[in-house]
Amino acid sequence: MVLKRSRIIPALYLALIAALTAFSLVIVLPLNYDYYALSSGLTGHSELTERGASWTTTHSHSLNPEKTVLILARSKPLDEGELEEILEFTKSGGLVVAYGSVDFVESLLRGIGFDTVFEGFTRDPVFSSGDPSRVLVNASPWNTTIVLDTPYIIQVTGNLSMSEVVFTGYTSTFSYIDENKNNLYDIGESIGEFPVIYALRIGSGLIVIACARGVFTNNALGDNSYWLEELNSGGRVIALDQSEYKSNPLAYIKLLVLSPRGVSSIYITIVSILIVVVLYYVYLAERAKRL
């Protein structure tokens with residue numbers, strides 16, 4: 001009986017150490033997903049969170065709409081339930097800034113009631129910030145210029161009952177749609193002003209949809225800091241939507257453990273429990289040796 005226990009206890013001890021190590025690695029190792037709050041990659045949001053932005057995985061449930069600017073940036077389209085939550089948040093006085101992949105932005109526009117047609121990515125060799133794919137757009141309601149990283153053109157049509165278009169931001173007359181994606185203007189490609197920002201009044205709130213891959217991502221935040229300050233100048237806090245990562249165990253665990261204010265109590269509790277269990281089995285092992 002003592003022999004069996006002496007074999008089992010070291011195995012449990014090693015298993016617990018392995019679990020503790022694996023859990024710690026999940027927390028420490030970087031994850032550079034697009035639009036991820038803890039990603040330091042070009043399309044991550046680590047710089048936004050370093051400036052004090054919090055994050056949420058439940059859309060509007062834990063947020064005060066009248067006191068929040070919700071940054072909604074995603075790669076995947078919204079499902080029906082997510083769309084309803086975003087619209088309810090906006091109707092209740094929320095301010096939303098949305099951008100990301102073409103699929104995501106189209107899903108949002110269609111969910112609001114538009115018919116959409118994707119026409120292609122746009123470049124501007126004149127009104128841009130160091131690169132034709134970083135297009136400058138005048139945003140008159142906020143008295144500033146916004147830099148859109150890798151913008152694209154989505155033409156929208158439809159008679160809307162739930163929203164009112166209060167502002168549309170256009171590229172300059174020098175911009176063109178890069179239909180063959182060679183980053184150069186070719187004869188026959190459309191050239192001129194194109195809509196890339198739609199600001200919609202929904203209920204008592206506002207949703208600003210930027211047809212671009214980046215606005216407050218790490219590669220564009222510096223250029224758009226003034227606009228971010230304007231958005232939360234009325235005492236609103238910045239919250240970054242991370243609901244897309246609820247289906248990604250590694251990314252989701254990191255969001256739960258690493259809160260905007262540092263390591264959360266969840267992580268401390270789990271580690272403490274594992275340490276106590278390990279010490280308990282060490283004690284049993286030592287006791288078995290003396291028997």
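A nonpolar core is a set of buried Ala, Val, Leu, Ile, Met, Phe, Trp, Tyr and Cys residues joined through side-chain atoms within 4.5 Å. With that in hand, let's look inside this predicted model. Its largest nonpolar core holds 41 residues, and those touching the most other members are L48, I71, Y99, L148, I197, F216 and W227. In soluble globular proteins, nonpolar side chains tend to be buried together.

**The cores**
- Take W227 from the largest core: leaving out residues up to four places away in sequence, W227 touches V97, W142, T144, I146, V208, V215 and F216.
- Another core, of 28 residues, lies apart from the largest one, and its members include L72, V105, F121 and I207.

**Aromatic rings**
- Across the whole structure, a search finds 13 aromatic pairs.
- One of them joins W142 and F167: the ring centres are 6.3 Å apart and the planes stand at 90°, so this pair is edge-to-face.
- W142 sits in the loop between β5 (134-139) and β6 (144-157), while F167 belongs to strand β7 (residues 164-170), so the pair ties together parts that are 25 residues apart in sequence.
- Both W142 and F167 are buried.
- Ring pairs also link Y35, Y99, W142, F167, F216 and W227 into a cluster.

**A closer look at H45**
- You can find H45 in the loop between α1 (2-28) and α2 (46-50).
- H45 has a relative accessible area of 0%, so H45 counts as buried.
- Setting aside neighbours within four places in sequence, H45 is in contact with Y35, Y36, A37, S39, A73, Y99, F216, T217, N218 and L240.

Terms used: Residues are numbered from 1 along each chain as its sequence is written. This is a predicted model: local features need pLDDT of at least 70, side-chain atom pairs count only at pLDDT 80 or more; totals for chains, interfaces and linings use all residues. Side-chain values use heavy atoms; hydrogens and water are left out. Helices (H or I, at least four residues) and strands (E, at least two) are DSSP runs, numbered from the N terminus. Buried means under 20% relative accessible area, exposed over 50%, partly exposed in between (1.4 Å probe, protein chains only). Contact means heavy atoms within 4.5 Å. Rings of Phe, Tyr and Trp (its six-membered ring) pair if their centres lie within 6.5 Å; planes under 30 degrees apart count as stacked, over 60 as edge-to-face and the rest as tilted.
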